[in-house]
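Work through the exercises below with the sequence and the model side by side, trying each task before reading its solution.

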Amino acid sequence: MKMKYSGLLGLLLLIVGIVISLTTGSMAVSLSDLLHVVTGTADHATNLIVFDFRLPRLLIALFAGCGLALSGYLFQTITHNELADPGILGINAGAGLFVLFYLGFFANNQMSWLLPLVACVGGLFAALLVYFCGRQAERIVPNRLLLAGVAVNAGISALTLIGTIRVSKDSYQFVTAWLSGTIWGTTWQHVGLVLPWLVVIIPLLLAHGRTLEILNLGDEAALGLGVRLKKTQLWFLIAAVCLAAVSVAVAGSISFIGLIAPHMARSLTGKKNNYSFLLTGLLGAVLLLYGDILGRVLLPTGEIAAGIVVAIIGAPYFIYQLVKS
């Protein structure tokens with residue numbers, strides 16, 4: 001019963017957040033105007049505001065939040081570490097470094113279908129660094145992996161800041177906005193870049209949900225139940241990196257979503273299964289959506305990056321879990 005109500009509550013929060021996001025902004029859109037948009041009777045200006053400006057940003061927030069949350073779910077399952085998160089482990093930083101260099105030096109901030117691929121390469125590069133620095137006797141050691149991730153994250157972030165010296169003024173403004181976690185992907189092109197990855201990866205993960213449950217029992221138990229451990233971990237690692245990388249590619253450097261959402265889902269469901277996996281994605285989408293909404297309304301002029309709002313919530317939670325562990 002608790003699981004059922006948690007899903008319904010998540011959906012209710014999602015629907016309310018969607019309505020607030022579409023009606024909130026520098027130009028207010030009333031509920032009646034939004035209803036006219038849905039029924040196709042709104043004027044051209046209202047349609048332009050909702051469909052061309054706010055709806056793409058809304059979808060990017062939902063997709064990126066979902067991708068980051070599911071990535072954190074996979075990292076926590078693989079490493080058996082509740083503090084694992086793509087941002088803390090340096091995956092976001094690696095993906096962001098490659099994206100920033102690609103947009104700043106090669107693409108001149110122009111969109112390309114190569115963008116998610118570039119982000120994935122950067123994320124995999126960071127993941128390999130973390131793996132080789134954090135492994136011990138060819139096995140993943142959670143505490144070593146976490147420390148290696150923090151070190152790699154710091155190193156790549158430093159390289160990113162050094163890279164900003166060489167970019168143009170416009171690219172520098174983009175870099176600073178990206179580093180603060182601003183959702184910069186606000187067009188339908190951005191939606192088209194990230195959506196296919198989620199549509200392909202998430203069903204594949206659901207099909208292997210039973211394997212994820214077994215991995216959660218521990219490496220020895222998984223081996224005893226016939227799981228090909230290294231191959232399975234590698235597949236889930238690649239999936240986790242891709243989910244985080246494509247999300248970062250269109251939404252900026254946003255941390256802690258992958259840490260908070262799996263914990264919330266597990267506390268509501270009590271175990272890890274396909275339901276908690278889907279609930280994690282839903283909660284991640286809701287967290288980033290409300291972070292974006294708060295960032296737009298907290299200041300009378302301008303806005304706060306969604307990544308900053310999420311960090312204000314996530315940093316104390318991370319410290320609490322670190323002390324608790």
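Arg-210 is exposed, with a relative accessible area of 60%, where exposed means over 50%, buried under 20% and partly exposed in between, using a 1.4 Å probe and protein chains only. The model is a predicted one, in which local features need pLDDT of at least 70 and side-chain atom pairs count only at pLDDT 80 or more, while totals for chains, interfaces and linings use all residues. Residues are numbered from 1 along each chain as its sequence is written, and side-chain values use heavy atoms, with hydrogens and water left out.

**Exercise 1.** Find the salt-bridge partner of Arg-210 and describe how the two are placed.

*Solution.* Start from the side chain of Arg-210, which meets that of Glu-213 in a salt bridge at 3.6 Å, N to O; the term requires a side-chain nitrogen of Lys or Arg within 4 Å of a carboxyl oxygen of Asp or Glu. Next, note that the two are three residues apart in helix H9 (residues 209-215), and so are separated by about one helical turn; helices are DSSP runs (H or I, at least four residues), numbered from the N terminus. Finally, Glu-213 is partly exposed, at 27% relative accessibility.

**Exercise 2.** Trace the network of salt bridges that includes Asp-292.

*Solution.* A search of the whole structure finds five salt bridges. Then follow Asp-292 to Arg-296, where the closest N and O atoms are 3.3 Å apart, the two being four residues apart in helix H13. Checking accessibility, Arg-57 is buried at 15%, Asp-292 is buried at 2%, and Arg-296 is buried at 17%. The network links Arg-57, Asp-292, Arg-296 and Glu-303.

**Exercise 3.** Determine how the axes of helices H3 and H12 cross, and examine His-263 at their contact.

*Solution.* The axes of H3 (residues 44-79) and H12 (residues 257-269) come within 7 Å and cross at roughly 75 degrees, the axes being lines fitted to C-alpha atoms over the stretch in contact, with angles running from 0 to 180 degrees between N-to-C directions. That makes H3 roughly perpendicular to H12, a term for angles of 65 to 115 degrees. Residues making the contact (heavy atoms within 4.5 Å) include Gln-76 of H3 and His-263 of H12.

Technical notes: Parallel < 35°, antiparallel > 145°, perpendicular 65-115°, else oblique.
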